Amino acid sequence: MRGIIIKNARIINEGKIFTGSVWVEDEWIKGIYPDELPVGWESCEVIDATGKWLLPGVIDDQVHFRDPGLTHKGDILTESRAAVAGGVTSFMDMPNTVPQTTTIEAWESKVQRASEVSLANYSFFFGGTNDNMEEIHKLDRSRVPGLKLFLGSSTGNMLVDRKEALEKLFGESGMLIAIHAEKEEIIRRNMAHFTKLYGEELDIVFHSKIRSEEACYASSSEAVELALRLNTRLHILHLSTARELSLLDNNRPVGEKQITGEVCVHHLWFTDEDYPVYGNRIKWNPAIKQRTDREALREAVRNNTIDIVATDHAPHLLTEKEGSCLKASSGGPLVQYSLQAMLELAGQGVFSFEKVVEKMSHHPADLFGIDRRGYIRPGYYADLVLVDPVQPQTILPGNILSKCGWSPFEGYTFTHSIWKTFVNGKEVYGDGKVKEDVRGMEVRYI
């Protein structure tokens, strides 16, 4: 066999939708053919994709795969398995593991583990702290997507709260800085206010009141001021409020922006009106907020004020999601159904299908400067997803691959399903089954 021909697919790529075929050879895309295939295609394996959609693989810039140290609820093997079943072919993992990824040794250990078990392409953020600048200076910038800073308390003792440390990290790291932005003082003030009024056993509806719009905007705006003053590339993760959108612009291509923003699927899907139905299953930090925030975030995706759609995939066992809004763990599994959720919204007219591909594949590649991924182009890695647009899928415990075993989408029937996923030219998922022998590659940055 000389390669694989994905024939007669409906290709969604670079703002266009057209019928054509793609030739894959080894790990590469050899060519795209809207019309006749070139001489020699007959010797290839042919996948008849008539009626299917062909998309570039999703690049998720924010996941928590829990490896090492928190592997009772997720690990790189199980969560990358869920990822490829959902059309996610590359991921960037966050540093709040045990141990935290704040030393070169811890970072290298995660890369080594991923090389052994990950079914998707992998990359790892490095965590900034109040006192690890020496380690940051040692990083190979071609292997690290950026520096992750927690400017809120949601992930334990990785909070960067010293002014002099922030000035140094923003001014001297020379790297893209991605932030979790919630103002700690405001969160604590809100918590004290509501517990004084209603006691410690606060219902989930108080979560968005404690982790409020004010807490988000105060932290995001301070970070933007710092970035502009010190000429730092800043990426604001999981935006959740309409107000924060004033900190961004849509006047330039994503690759030229100094300040960029990400929104997560749950902030585009749910609102605080859903808390009585889903309870702690939709407890995230930052919190899901009002319908007006969701609508503003959706519009910001459409008009390119927001640059990337991701997941903040953060599995917890359901037992860890129990209790009051002060006790239940924040986060949930999303990576397996993120593309389907976004395509569902596109089918409802919220977004165009081209916009979904742009925000989940093209823009992550452009924003982070990823080497030859995120597009269906000759000479690029063959990270590809085939979607069956007429095969519904109901989300049930039996088809959830994340180790935690649940999903906020349980019981929902998507109007389409993921048919096949290719990572570096190899079919890693097809017809409902994961091919366990496929391994991803380390993502590189240029």
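Biologist: In which strand is the place of I11?

Modeller: I11 belongs to strand β1 (residues 4-13), where strands (E, at least two residues) and helices (H or I, at least four) are DSSP runs, numbered from the N terminus. The model is predicted: local features need pLDDT of at least 70, side-chain atom pairs count only at pLDDT 80 or more, and totals for chains, interfaces and linings use all residues. Residues are numbered from 1 along each chain as its sequence is written, and side-chain values use heavy atoms, with hydrogens and water left out.

Biologist: Why does I11 count as buried?

Modeller: Buried means under 20% relative accessible area, exposed over 50%, and partly exposed in between (1.4 Å probe, protein chains only). I11 has a relative accessibility of 1%, so it counts as buried. Neighbours within four places in sequence aside, its contacts (heavy atoms within 4.5 Å) include I32, L54 and I376.

Biologist: What makes α1 largely enclosed by the rest of the structure?

Modeller: Nine of the ten residues of α1 are buried, and therefore the helix is largely enclosed. Among them are I76, T78, E79 and R81. The buried residues of α1 pack against β7, α2, β8, β18 (417-423), β19 (426-430) and β20 (433-434).

Biologist: How do you know that the span of α2 agrees with what it should be?

Modeller: The expected span of a helix is 1.5 Å times one less than its number of residues. For the 14 residues of α2 (residues 104-117) this gives 20 Å, and the end C-alpha atoms are 20 Å apart, so the two agree.

Biologist: Which residues of α2 are buried, and why are they said to be on the same side?

Modeller: The buried residues of α2 are A106, W107, K110, V111, A114 and V117. They cover an arc of only 145° around the axis, which puts them on the same side of α2; the arc is that of the directions from the helix axis to the C-beta atoms. These buried residues pack against α1 (76-85), β7 (88-93), β8 (121-124) and β9 (126-127).

Biologist: What makes a space a cavity rather than a pocket?

Modeller: On a 1 Å grid over the protein atoms alone, a cavity is a set of points where a 1.4 Å probe fits but cannot get out, whereas a pocket is an open set with protein on both sides within 12 Å along at least five of seven lines; lining residues have an atom within 4 Å of a point.

Biologist: How many residues of each class line the largest cavity?

Modeller: Its lining has seven nonpolar, four polar and no charged residues. Ala, Val, Leu, Ile, Met, Phe, Trp, Tyr, Cys and Pro count as nonpolar, Asp, Glu, Lys and Arg as charged, and the others, Gly among them, as polar. A82, H313 and W406 are among the lining residues.

Biologist: Why is T271 called buried?

Modeller: T271 has a relative accessible area of 1%, and is therefore buried. T271 lies in the loop between α8 (265-269) and α9 (275-278), and is one of the residues that line the second largest cavity.
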